[in-house]
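Here is a short tour of one protein chain. Keep the model open as you read, and find each residue as it is named.

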Amino acid sequence: MDMLKSKGTSLDWRVSILLFCVVAAVSGQIRYSIPEEMRKGLFVGDVAKDLGLDVKRLVSGRARVVIDGDNQYVALNQNKGHIVVNERIDRENLCAKKSPCSFSLEIVLEDPLELFSITIEIQDVNDHAPAFPKKEINLEISESTPTGTVFLLDSAADPDVGINSLQSYSLKENHNFVLKQHTRADGSKYAEMMLQSGLDREKQSEHTLILTAVDGGEPRRSGTVRVHVSVLDANDNAPVFTQSVYRASVLENVLRGTVIAEVSAVDADQGYNGNVTYSFTHLEEDSSCPFEINSYTGEVKLTAAIDYEVSPNYEINLQAKDPWGVVGASKLIIEITDVNDNSPIITMASYSGKISEDSTPGTVVALISVQDKDSGKNGQVHLNIDENIPFKIKSSLRNYYTLVTEQSLDREKRPKYNITLTATDEGLPPLSSKKTVVLDVTDVNDNAPAFSQSVYSTQVIENNSPGVTLLQIHATDPDQGQNARISYFLIQGDINGNPVSAYFSINTESGVIQSLRSLDYEQVKEYKIRVKAQDGGSPPLSSNTTVLVRVQDQNDNPPQVLYPVQTGGSLVAEMVPRSADVGYLVTKVVAVDVDSGQNAWLSYKLQKATDRALFEVGLQNGEIRTIRQVTDKDAVKQRLTVIVEDNGQPSRSATVIVNVAVADSFPEVLSEFTDFTHDKEYNDNLTFYLVLALAVVSFLFITCLVVIISVKIYRWRQSRVLYHSNLPVIPYYPPRYSDTLGTGTLQHVYNYEVCRTTDSRKSDCKFGRAGSQNVLIMDPSSTGTMQRIQSEKSILDEPDSPLEVS
């Protein structure tokens, strides 16, 4: 109950110091101090404030905690910038007897990469009471044992440290024994019991004592063990070790079963009383001692693996005991020598596996942690990478290295790097470990599209159909993804005052150029187009090229005669004297063809002539020459028809009429050609008047026909309206009307005669003169007729009206 009460009080004390936190900045590092056994989620420190960081930076940099080992004792709350307890921290499991007890962690931020080292010290809480390995210590002491003899007692174990660890022993008061306390080099304490007054087996054969171990915590905790002493008959001499302290050194990689040391003790007694047995004492209950001692020979052998990194030395209490229980004590100190038996361990503390190709030299690629459990030079590690790659290793904080770029990167030359990290320690022989990481270089739009040709050329025959494909251009971009997606555009320019897009179009995806209209060689023989290829990067990059579209000629134009000029109103004649010799040059037909090449090669032929035997035409030059001597019998008027033909396929031609006058004087020529001119003019005038008369007659005929049809349609519509009316006839009695009985008011009687036919133009309406004999007879059975009594002359005569006089 005392133990439970003490423990409960300790827990209350622990809760009271949960908020205790010490922050220190030493060489750019943060140090926090917290008690052990804190509950999960409790506050450890405001790392954002202490490091001068904004909470937003922790979130954007994806801040995380990196702790060596498997246990994640603390965690980072990014939203608040606080470090909180993540799991139970037991100082005894973490550090054992080591004091002060602490562990280190790193806060890693990305974009850009930053590293902050934090040390958290764990303060001990008095949560353990001293405990003895056995519930009872049995000693057999001869009654002849001299006073002053010391007997070693089992030590109590308290995993706490400092003031909370075991501080003292106490022995229940008695008349025979007193307690002596000693402190080892490591600060641990052990107790010895010394005989201060002689024993007498005959008076008291057994003694029961209570040994108490007390720590220094607040409140104090204690543990007890009962010491049972059996008094034996006399045995005059106790075993004595040859050395008060034995020392041995052993490599940590020594094999099991190896003899580490040999101890010996001498007992001056003879015979059976001089037999000595050896044993280890003061071993803690939960200790796993890797050694054992041969109880008869004193040889100390290794029985389990030892590790310098776990325990660099062992201090063991030795006991030599004779058959009567008389003991002697000594000590064995075993030093473990470190051996380079641990290879370095490479851990990628921060690594994304990607880097942009536009990263500047010195950009951090990865944060690497290298740990070696060995000590001294065996634990000093160097990290290296392969040569011939644009990266290097830089030393950072404790056991941390950064992999940084040393040169500029180019994804188009090398998109991926296999980087082998080699960590080597300084032991003999050195141990090393390797780790290969793959680094992908991400693309940046740093390459403009490149055309396969600086100038493209194509040909198209003129008079092409709109929409015909001219050619396809192609550009390549060594970039990747969207940065390599190329679109093609026409660069705006003018062609004969019109934009390029009015003549040509380009497919933005395929680069196919098409003609939007029919091209004419005679207007433009060559088109020069500028085309741009643009990628899909941000910002986009582009390059230009020139496309030459050469129009090929087609024989689509006939020859044009320049001379002689063909006029409609005057007659031009070439005059040849009758004395002209053979080969006389009469004239020359001059023609051109706007086509080019073979299509513009012209040839001249004489198609018709008044006298074919008199003239000829040069096939190539169009010269008209005489081919015989001109005689008096030759007619004065000569008419030549010359055909000019090009060399195209199919060929095109033009004709020209050349008038030649064979005469020696101009008056003779004039008299001959006057009649011809008059007749021609007369014929031309006659034709004009005939055409004019025909047009006037046709116009008058059409006009009359339209008028007649319009009148007919109008009259027909009027007759249809009156004929199809179904309205009843309502008699109308004018004022002063008098009926046959003489009771009316009409003074005179009028006769009305209405005659209706289906043809409105033949309807009659007559009114008679006044007279008493004229009577309007009404038929009661009929409401729509009136009987004519007397015919009178019509008072209404409108021939153009639908009502006419009969």
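## The model

This is a predicted model, in which local features need pLDDT of at least 70, side-chain atom pairs count only at pLDDT 80 or more, and totals for chains, interfaces and linings use all residues. Residues are numbered from 1 along each chain as its sequence is written, and side-chain values use heavy atoms, leaving out hydrogens and water.

## Nonpolar cores

A nonpolar core is a set of buried Ala, Val, Leu, Ile, Met, Phe, Trp, Tyr and Cys residues joined through side-chain atoms within 4.5 Å. Buried means under 20% relative accessible area, exposed over 50%, and partly exposed in between (1.4 Å probe, protein chains only). The largest core here has 29 residues. Val74, Ile83 and Phe103 are among those with the most contacts inside it. Several elements each supply at least two core residues, including strand S2 (29-35), helix H2 (47-51) and strand S7 (101-109). Helices (H or I, at least four residues) and strands (E, at least two) are DSSP runs, numbered from the N terminus. S7 gives the largest share, five residues.

## An open sheet

Four strands form an open sheet in the order S45-S52-S51-S48, with mixed pairing. Two strands pair if DSSP finds at least two bridges between them. The edge strands, S45 (573-576) and S48 (602-609), each pair on one side only.

S48 and S51 (637-646) run antiparallel, joined by seven bridges. Ala609 stands opposite Leu640 in S51.

Asp68 sits in the loop between S4 and S5. Asp68 is partly exposed, at 34% relative accessible area. Which residues does Asp68 touch, not counting those up to four places away in sequence? They are Ser369, Gln371, Arg398 and Tyr400. Contact means heavy atoms within 4.5 Å. Asp68 and Ser369 are 301 residues apart along the chain, yet their C-alpha atoms are separated by 9.1 Å.

## Salt bridges

A salt bridge is a side-chain nitrogen of Lys or Arg within 4 Å of a carboxyl oxygen of Asp or Glu. The whole structure holds 19 of them. One joins Arg62 and Glu110 (2.7 Å, N to O). These two are 48 residues apart. Arg62 is partly exposed at 45%, whereas Glu110 is buried at 17%.

Asp90 and Arg88 also meet in a salt bridge (3.4 Å, N to O). Glu37, Arg88 and Asp90 are linked in a network.
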